[in-house]
Amino acid sequence: MKDPRHTELLQTPYVAFDKWEHGIVWDGDCDDYTILLTSLLSSIGYNVGFRAASYTPNKVLGHVYGLVQIYGDWIPIDGIKEGGFVGWEKDGITATKQIII
């Protein structure tokens, strides 16, 4: 689901699971998928974080995805990419900001 202009809406994992439980298609955006994936990984003991990225020359951050620490390395996890995989990152990053939680 695309957020309204100039507004960032965040959906908790509960929202996703509640919709799935009631047969409703959950349509989160990149931050919602990131919250879901990192929450699930954190709940089973992994260290996680977030990375915001820009793909434009003006370096405005416009996409967010998760990070998971595996054997000491921080690996990207971007749930928005259909057919994506652990470790996949879109090419063309011009700037990033990371937050480890």
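# Ring contacts, sheet and helix packing in a predicted model

K90 lies over the face of Y55, at 4.7 Å from the ring centre; a charge is taken to sit over a ring if NZ of Lys or CZ of Arg is within 6 Å of the ring centre and within 35 degrees of the ring normal. The structure is a predicted model, in which local features need pLDDT of at least 70 and side-chain atom pairs count only at pLDDT 80 or more, while totals for chains, interfaces and linings use all residues. Residues are numbered from 1 along each chain as its sequence is written, and side-chain values use heavy atoms, with hydrogens and water left out.

## The sheet

Four strands form an open sheet in the order β3-β2-β1-β4, with antiparallel pairing. Strands (E, at least two residues) and helices (H or I, at least four) are DSSP runs numbered from the N terminus, and two strands pair if DSSP finds at least two bridges between them. The edges of the sheet are β3 (73–77) and β4 (95–100), each of which pairs on one side only. From one strand to the next, the twist averages 30 degrees; axes here are lines fitted to C-alpha atoms, for helices over the stretch in contact, and angles run from 0 to 180 degrees between N-to-C directions.

Strand β1 (residues 48–54) is joined to β4 by 6 bridges, the two strands running antiparallel, and A52 has K97 as its bridge partner in β4. Another 6 bridges join β1 to β2, again in antiparallel fashion, and here V48 has V68 of β2 as its bridge partner. Between β2 and β3 the antiparallel pairing extends over 5 bridges, with P76 of β3 as the bridge partner of L67. Strand β2 is mostly covered, since 6 of its 8 residues are buried, where buried means under 20% relative accessible area, exposed over 50% and partly exposed in between (1.4 Å probe, protein chains only).

Two loop residues of this region deserve mention for their backbone angles. The hairpin formed by β2 and β3 has 2 residues between the strands, and Y71 in its turn has a positive phi of about 50 degrees although Y71 is not a glycine. In the loop between β1 and β2 lies K59, another residue other than glycine with a positive phi, near 60 degrees.

## The helices

Helix α2 (residues 30–43) lies across β1, β2 (63–70) and β3, and runs at about 15 degrees to β2. Two packed helices are described by the angle between their axes and the distance between the axes. For α1 and α2, the axes come within 9 Å and cross at roughly 100 degrees. The contact is made by P13, F17 and W20 on the α1 side and by I35, L36, S39 and L40 on the α2 side, contact meaning heavy atoms within 4.5 Å.

A search of the whole structure finds 1 aromatic pair. The ring centres of F17 and W20 are 5.3 Å apart and the ring planes stand at 80 degrees, so the pair is edge-to-face; rings of Phe, Tyr and Trp (its six-membered ring) pair if their centres lie within 6.5 Å, and planes under 30 degrees apart count as stacked, over 60 as edge-to-face and the rest as tilted. Both residues belong to helix α1 (residues 13–21) and are 3 residues apart, about one turn of the helix.

In helix α2, L37 is in contact with I77 and G79, when its neighbours within four places in sequence are left aside.

## Accessibility of selected residues

The table gathers values for residues discussed above.

| Residue | Relative accessible area | Class |
|---|---|---|
| F17 | 41% | partly exposed |
| W20 | 42% | partly exposed |
| D31 | 10% | buried |
| L37 | 28% | partly exposed |
| K59 | 49% | partly exposed |
| Y71 | 84% | exposed |
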